[in-house]
Amino acid sequence: MKRWLALLLAAATQAAAFTDEEVRAIAAHGPWPPAFAPDPSNRASGSKDAIELGERLFFERRLSANGAVSCSRCHIPERNWTDGEARAIGLARVDRNTMSVTNVRVQRWFGWDGANDSLWAQSLRPLLDAREMGVDASRIAKFVRQHADLACRYRRVFGAMPSEDEAVMVGVAKALAAFQETLSSGRTAFDEFRDALVKGDAAGIAAYPEDAKRGLRFFVGKGSCNVCHVGPAFTNGEFHDTGIPFFIEQGRVDPGRHAGIQKLRASEFNLLGRYNDDARRSTATGTTHVRLEHRNFGEFRTPSLRNLALSAPYMHNGSRETLRDVLDHYSTVSPDRLHADGEAILRALNLTARETDDLVAFLETLSDGGATYRRQPSAADCR
Amino acid sequence: MEKRRAAVRAAALSLVLGAGAALACELPGGPAQTIRSPTHSVVYRAAPRLGEHFAVEFAVCPAPEGVRVDAWMPAHRHGMNYVPAVKALGGGRYRAEGLLFHMPGEWEFVFVLRAHGATQRLVRGLRVE
């Protein structure tokens with residue numbers, strides 16, 4: 001009884017430390033995980049057969065120009081579906097860090113520049129990029145048609161095999177998307193705390209480390225980190241200039257969102273095109289209305305913070321090796337490095353050593369401890 | 001001098017007519033917000049949720065020659081990342097689609113009206129969480 005009372009008292013003291021406004025802000029980062037909702041633009045979304053086909057395709061190296069690069073070359077299950085490299089290496093080194101595909105289904109835009117508006121369109125990008133997998137519709141369609149098991153599984157998902165190579169390729173991308181939609185991070189120490197706070201569960205509140213609590217308070221308060229890293233996935237899904245240089249090397253820059261919007265509009269695979277399976281175009285609102293402005297130059301998508309501790313290195317170019325490096329950037333960022341005509345959000349946080357420690361402690365509670373993914377044992381060939 | 005008096009009378013009449021129209025400005029279908037200027041009223045209804053596309057239904061009285069809707073975060077010095085499209089429904093009523101508030105905080109709805117060769121902005125703040 002004494003122990004219970006002590007716990008209750010301690011929890012009440014801690015809970016009182018969070019204002020109503022802080023509790024509302026913290027509650028907005030859940031619940032987790034979100035319920036699955038099929039993607040209406042992809043008729044294979046949520047289909048067990050499509051997930052099985054997509055899983056095989058994801059690890060299939062013969063879908064690359066040299067037969068050695070699969071999606072899993074950069075999206076490695078044991079590394080939180082990223083690769084640990086500063087900049088990804090497919091057939092050649094590319095300009096950006098590999099974004100994890102964990103929780104990718106909850107995004108509005110895909111890739112650092114949001115050049116794609118669906119997960120299936122995004123899945124085409126590395127296949128077609130000469131530096132990544134370097135194949136084309138003809139090669140993809142030929143491979144799938146000639147592979148008895150994959151062809152059988154393709155027909156099982158989509159019906160007859162299309163005669164058009166491009167349509168076969170889009171089906172491959174939709175199966176890849178169906179598989180990636182299943183890759184979700186699990187519950188974390190933060191989620192347990194957040195739910196306990198919402199329910200007023202004193203023991204649950206008390207179980208969350210004090211340094212993480214202080215870091216969380218800074219995150220939703222003084223730091224205003226939740227202006228961009230908002231919601232259950234800790235991202236607003238949009239694009240910002242965070243003062244990370246967009247120069248790639250001598251004479252080359254990464255225009256980020258500015259080029260991303262132009263690529264999106266030019267793409268025949270966007271949600272306004274013929275490959276969208278949803279006649280109502282119910283998920284195409286963003287594509288219809290997206291605004292292109294000069295300030296988009298050098299903007300990159302706000303990444304999710306879930307499983308952040310498993311996702312190093314950081315930023316669009318992988319230029320920050322550790323969480324502390326990232327915090328150091330935000331602690332010292334100069335407004336002079338931002339667009340003069342851009343948004344006025346960032347300011348140097350001037351973190352103390354203890355604030356940095358607390359933020360790291362909090363951010364580490366957003367990870368689920370590691371991948372639980374296990375490849376399905378190879379089922380009998382499809383006939 | 002006579003010309004000036006006529007202009008003043010016309011302006012006063014416009015204000016009176018505008019105010020009369022403003023009083024009568026209605027948007028059927030439930031509770032709505034009203035913004036008034038000396039010459040126009042905007043009655044609008046919206047239920048924005050952070051990070052989700054939404055539409056704004058509104059009426060403008062008297063009906064302007066043109067209308068545009070946007071939104072702005074003054075403290076952050078930026079607007080939305082999307083351009084709303086306004087569709088006239090007839091009778092001074094409209095529907096704007098494609099809005100999205102991508103950040104929590106203080107936003108402003110901005111209705112830009114064009115009438116009699118002039119443009120005016122009617123603004124109303126709201127907090128998004």
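Where is the place of S224(A) in chain A? S224(A) sits in the loop between helix 10 (210-220) and strand 1 (239-240) of chain A. Helices (H or I, at least four residues) and strands (E, at least two) are DSSP runs, numbered from the N terminus.

This is a predicted model, in which local features need pLDDT of at least 70 and side-chain atom pairs count only at pLDDT 80 or more, while totals for chains, interfaces and linings use all residues. Residues are numbered from 1 along each chain as its sequence is written, chains are lettered from A and ligands numbered from 1 in the order in which they are written, and side-chain values use heavy atoms, with hydrogens and water left out.

**First stop: positive phi angles**

Select S224(A), which is not a glycine and yet has a positive phi of about 50°. Its relative accessibility is 35%, so S224(A) counts as partly exposed (buried means under 20% relative accessible area, exposed over 50%, partly exposed in between, with a 1.4 Å probe and protein chains only).

Next, select R77(B), a non-glycine residue with a positive phi of about 60°. R77(B) belongs to the loop between strand 4 (66-73) and strand 5 (78-79) of chain B. Because its relative accessibility is 42%, R77(B) counts as partly exposed.

**Second stop: cis peptide bonds**

Return to chain A and display G30(A) with P31(A); the peptide bond joining them is cis, with omega about 0°. P31(A) is in the loop between helix 2 (20-27) and helix 3 (48-58) of chain A. Then move to A312(A) and P313(A), where the peptide bond is cis with omega near -5°. The loop that holds P313(A) runs between strand 4 (300-301) and helix 13 (323-332) of chain A.

Select the five strands of chain B that form an open antiparallel sheet in the order 1-2-3-7-6 (two strands pair if DSSP finds at least two bridges between them). Strand 1 (33-36) and strand 6 (85-90) of chain B are at the edges, each with a single partner strand, so one side of each is left without a neighbour in the sheet.

Finally, zoom in on strand 1 and strand 2 (residues 41-46) of chain B, which run antiparallel and are joined by four bridges. Which residue in strand 2 of chain B is the bridge partner of I35(B)? The partner is V42(B).
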